[in-house]
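Welcome, and please have your viewer ready. We will take this tour one selection at a time.

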Amino acid sequence: MAQILLTPAQRKEHRAEAHHLDAVVMVGADGLTDAVKKEIDAALKAHGLIKVRVQSDDRAGREAIFQSVSEELNAAPIQHIGKLLVLWRPMPPKEKKVNEDRMPGPRDVKVLKNSSRYGQRPEVKTLRVLGNQRLTPGGSVKRAKKPRLQSLKKRSQD
């Protein structure tokens, strides 16, 4: 996989976004293992922009880790400052699960109610109607009617 190439303006924007972030993954004394790469990949999928802290004192080693991670995980190297590495990769779109058994959610309905005094303007009221409720012609909220059960005999006649 080839790493993502960004313009200097894009890199600057991502550096500004990463300023307040804390390190999500730490590379310890064992260096860059497969488990660490897997964690960095999972963090990039979840967050998109992450910081990685490398505990090594060797600057050349940290630079090598920075380049290898960005190439292997198809991430853009944003910044290497001290022991912190900032990486970015666009987040994949999340799939929404559709539950077919899901009932309708609450909705807000505006109702015009005539004033109790004659000659006054009608009042506009906003009512919240839940999924198990219905609005009557008079403008009040009632529970939805359950479907009436029919016996097997009546069902067979229809």
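Start by selecting Ile40, Leu44, Ile50, Val52 and Leu87: of the 16 residues in the largest nonpolar core, these touch the most other members. A nonpolar core here is a set of buried Ala, Val, Leu, Ile, Met, Phe, Trp, Tyr and Cys residues joined through side-chain atoms within 4.5 Å. Buried means under 20% relative accessible area, exposed means over 50%, and partly exposed lies in between, using a 1.4 Å probe and protein chains only. The elements giving two or more residues to this core are β1, α2 (34-47), β2, α3 and β4. Helix α2 supplies the largest share, 4 residues. Helices (H or I, at least four residues) and strands (E, at least two) are DSSP runs, numbered from the N terminus.

Before moving on, a word on what you are looking at. This is a predicted model, in which local features need pLDDT of at least 70 and side-chain atom pairs count only at pLDDT 80 or more, while totals for chains, interfaces and linings use all residues. Residues are numbered from 1 along each chain as its sequence is written, and side-chain values use heavy atoms, with hydrogens and water left out.

Now centre on valine 52. Which residues does valine 52 touch, not counting those up to four places away in sequence? They are Val25, Val27, Ile40, Lys83, Leu84, Leu85 and Leu87. Contact means heavy atoms within 4.5 Å. In general, nonpolar side chains in soluble globular proteins tend to be buried together.

**The sheet**

An open sheet is formed by 4 strands in the order β1-β2-β4-β3, with mixed pairing. Two strands pair if DSSP finds at least two bridges between them. At the edges sit β1 (23-27) and β3 (76-81), each pairing on one side only. From one strand to the next, the twist averages 25°.

Pick β4 (residues 84-88), which pairs with β3 in the antiparallel sense over 5 bridges. Two bridges to find here: alanine 76 has tryptophan 88 in β4 as its partner, and isoleucine 81 is partnered by leucine 84 in β4. Strands β2 and β4 also run antiparallel, joined by 5 bridges.

Is β4 mostly covered or uncovered? It is mostly covered, with 5 of its 5 residues buried.

Bring in helix α3 (residues 59-72), which lies across β1, β2 (49-54), β3 and β4 and runs at about 165° to β3. For such angles, axes are lines fitted to C-alpha atoms, for helices over the stretch in contact, and angles run from 0 to 180 degrees between N-to-C directions.

**Two loop residues**

Go to asparagine 74, in the loop between α3 and β3. Its phi is near 55°, a positive value in a residue other than glycine. Asparagine 74 counts as partly exposed because its relative accessibility is 27%.

Arginine 89 comes next, in the loop between β4 and β5 (107-113). Arginine 89 counts as buried because its relative accessibility is 13%. Its side chain joins that of aspartate 41 in a polar contact of 2.7 Å. A polar contact is a pair of N or O atoms within 3.5 Å; within protein, one must be able to donate a hydrogen and the other to accept it, and residues adjacent in sequence count only if both atoms are side-chain atoms. Leaving aside neighbours within four places in sequence, the contacts of arginine 89 include Leu44, Lys45, Leu73 and Asn74.

**Zooming out**

Finally, show the whole protein chain, with its 4 helices and 8 strands. Its radius of gyration is 30 Å, well over the 15 Å that the globule rule gives for 158 residues, so the chain is more spread out than a compact globule. This radius is taken over C-alpha atoms, and the globule rule is 2.2 Å times the number of residues to the power 0.38. Along its principal axes, the C-alpha trace spans about 85 × 55 × 25 Å.
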